[in-house]
Amino acid sequence: MLYATLLTAFFTLAALTLATVPAAAAQSEIYGGFQTFRWQETDSTGAELMHETGQLFTLGTAFHSGGRQVLNTTALEVFGGSPAHYETNGSSADHYHGFSLERRWEQTVSPGKPAPFASLGWKQWSRSIDSSSGYYGYTESWKSLYGRAGIRQKQGPLYWVAGIKAPLHISNEVDFIDAAFTPRKTPGYFAEIGTTGKDKNISLTYEYQKYKASPTVAGYYQPDSSERLLTLRAVFTL
């Protein structure tokens with residue numbers, strides 16, 4: 001069911017891109033890929049409370065437009081998968097899905113020179129953890145507003161990107177309490193390397209984000225958490 005949903009979303013996004021990109025747009029794209037995913041939560045001493053690991057699959061679309069000084073990019077992505085969930089009292093399956101929407105502004109520079117960029121994005125996802133022997137399942141719903149800034153440089157067919165990611169708002173709603181946790185915001189970072197061709201490119205991206213423990217709500221709190229994503233992506237120009 002998950003993969004059928006993602007496939008439907010892929011073709012829907014592609015159709016929307018073809019239908020809505022302005023005629024003056026420099027380029028429009030669709031892309032797909034997979035991520036090696038790891039999530040870890042620890043207590044105040046650094047001891048592990050739980051971790052999740054596995055693969056997520058991504059599908060997305062992006063379009064670029066702009067003038068002589070700034071390139072504008074809008075990207076929409078959906079993702080999902082079923083990583084394994086491990087805690088001290090047992091293990092279970094985890095059903096993970098979400099989407100992100102990002103608007104990016106990149107300075108137009110001469111070929112070979114570093115191009116600074118900044119972006120504003122919204123990411124929303126949920127994880128539904130199955131009940132298992134000795135373990136009670138539940139669902140978390142995360143929402144994050146963030147900003148990113150960095151440098152992109154292209155040399156021939158190769159390019160690299162590096163920068164920081166700053167959460168502006170984070171919340172996590174858990175289905176067994178009527179409240180939202182608000183983890184404390186800490187900067188993350190990302191890096192990407194890739195190769196471009198006439199109508200496609202391939203890239204490898206690493207992203208790290210940490211979420212500091214939230215205040216206590218109704219006797220519960222969101223522990224220190226970290227997210228690591230290694231993404232292999234293939235992008236096709238329309």
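Is W125 buried or exposed? In this predicted model, W125 is buried, with a relative accessible area of 2%. Of its 238 residues, 43% count as buried. Among contacts between residues at least 6 apart in sequence, 60% join residues at least 24 apart.

Aromatic pairs number eleven in the model. In one of them, the ring centres of F79 and Y96 lie 6.3 Å apart with the planes at 40°, so the pair is tilted. F79 belongs to strand 3 (residues 70-81) and Y96 to strand 5 (residues 90-107); the pair therefore ties together parts 17 residues apart in sequence. F79 is buried at 4% relative accessibility, and Y96 is buried at 1%. W125 and W142 form a stacked pair, with 5.5 Å from centre to centre and 10° between the planes. This pair links W125 in strand 6 (residues 115-129) with W142 in strand 7 (residues 138-155). W142 is buried, at 0% relative accessibility. Ring pairs join W125 and W142 with W39 and Y211 in a cluster.

Charged groups also accompany aromatic rings. K123 lies over the face of W125, 5.1 Å from the ring centre, while the charged end of K165 sits over the ring of Y146 at 4.4 Å from its centre.

H64, located in strand 2 (residues 48-66), counts as buried at 12% relative accessibility. The side chain of H64 makes polar contacts with the side chains of E29, at 3.3 Å, and T73, at 2.7 Å.

Note on methods:
Residues numbered from 1 in each chain as written. Predicted model: local features only at pLDDT ≥ 70, side-chain atom pairs only at ≥ 80, totals over all residues. Heavy atoms only, no water. Buried < 20%, exposed > 50% of the residue type's maximum accessible area, 1.4 Å probe, protein only. Contact = heavy atoms within 4.5 Å. Helix = DSSP H or I, 4+ residues; strand = E, 2+ residues; numbered from the N terminus. Polar contact = N/O pair within 3.5 Å; in protein donor to acceptor, adjacent residues only side chain to side chain. Phe/Tyr/Trp six-rings, centres within 6.5 Å; stacked < 30°, edge-to-face > 60°. Lys NZ or Arg CZ within 6 Å of the ring centre and 35° of its normal.
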